Amino acid sequence: MKNRTIWNKGTILVAIISIAITGCMQTETIEIEREMEGPEYTHAVAILQPTEGFEASGTVYFTKVEEGVNVTAEITGLSEGNKGFHIHQYGDCTAANGTSAGGHFNPDEMDHAGPDDAMRHMGDMGNIVADADGNATIDYVDGTININMILGRGVIVHNGEDDLTSQPSGAAGPRVACGVIGVAAGTE
Ligand code: CU
Ligand code: ZN
C-alpha cells in the first residue's frame with residue numbers, strides 16, 4: 001500500500017519519507033512539500049528528434065489534471081517493443097547520442113523505479129510500447145511529475161526496455177530520440 005501526498009505551494013521546503021512495516025504489510029507514505037514561485041504552469045510539450053543513427057521522433061504533452069499530470073505521447077520510427085521513456089535532467093540534445101541530456105531527473109534523490117512507485121525519480125515514466133510498425137502512444141496520469149519542475153529539461157526515448165529496477169536508469173539501452181520540455185499553449 002503506497003500513499004503519496006504532494007503540496008505544490010509554489011522551492012522545495014521539506015521532504016519527509018516514512019516507512020512503516022507491520023508484519024508482512026508495508027505502507028509507504030511520502031509527503032513532499034514544495035514552494036513554487038511565480039505562475040503554476042499547466043501545459044508543457046516536448047518535440048522529440050532522432051539521435052544519430054535512429055529515426056524515432058514524436059511529440060509528448062504534459063497536462064495538469066486533478067490527480068496529477070496527464071502524459072500523452074505519439075512516437076514513430078521505433079523498433080517493436082517496450083522502450084524506456086524518461087524525463088532527463090537537462091534539456092540539452094546537442095550530443096549526437098543524446099547523452100548531453102544527463103541522467104534521469106531526480107530532484108528528490110530517490111532510486112530508479114517505475115511510474116507507479118511512490119519512491120522513484122520524477123523522470124521515471126516507465127516504457128512506451130511500439131507496435132510492429134514502430135508506432136507508440138501513451139496516455140496515463142502521473143502522480144509524481146510537477147510541470148513547473150520539468151520545464152527546460154529533456155525527454156528521452158531509449159532503444160530497449162526499462163526494467164524499472166536496475167540502477168540508476170533501468171538498463172534501457174541507447175537513446176533514440178531527445179526533446180526539450182517547454183511551456184505549451186493552454187497555460188495562462
Ligand atoms: Cu532515459
Ligand atoms: Zn529513473
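His-112 counts as buried because its relative accessibility is 3%; buried means under 20% relative accessible area, exposed over 50% and partly exposed in between, using a 1.4 Å probe and protein chains only. This is a predicted model, in which local features need pLDDT of at least 70 and side-chain atom pairs count only at pLDDT 80 or more, while totals for chains, interfaces and linings use all residues. Residues are numbered from 1 along each chain as its sequence is written, chains are lettered from A and ligands numbered from 1 in the order in which they are written, and side-chain values use heavy atoms, leaving out hydrogens and water.

Donors here are N, O and S atoms within 2.8 Å of the metal (3.2 Å for Na, K and Ca), and sites may look incomplete because water is not among the atoms.

## The copper site

Now let's turn to the copper ion (ligand 1). Its protein donors are His-86 (ND1), His-88 (NE2) and His-158 (NE2), at 1.9 to 2.0 Å. His-86 sits in strand E7 (residues 81-88) and His-158 in strand E10 (residues 154-158), so this pair links distant parts of the chain, 72 residues apart. Strands (E, at least two residues) and helices (H or I, at least four) are DSSP runs, numbered from the N terminus. With 0% relative accessibility, His-86 counts as buried, and so does His-158 at 5%.

## Two salt bridges

How many salt bridges does the structure hold? There are two, a salt bridge being a side-chain nitrogen of Lys or Arg within 4 Å of a carboxyl oxygen of Asp or Glu. One joins Arg-34 to Asp-108 (2.9 Å, N to O). Because Arg-34 lies in strand E3 (residues 25-34) and Asp-108 in the loop between E7 and strand E8 (124-130), the pair ties together parts that are 74 residues apart in sequence.

Arg-120 and Asp-142 form a salt bridge as well, with their closest N and O atoms 3.1 Å apart. Arg-120 belongs to the loop between E7 and E8 and Asp-142 to strand E9 (residues 136-142), so this pair ties together parts 22 residues apart in sequence. Arg-120 is buried at 1% relative accessibility, and Asp-142 is buried at 0%.
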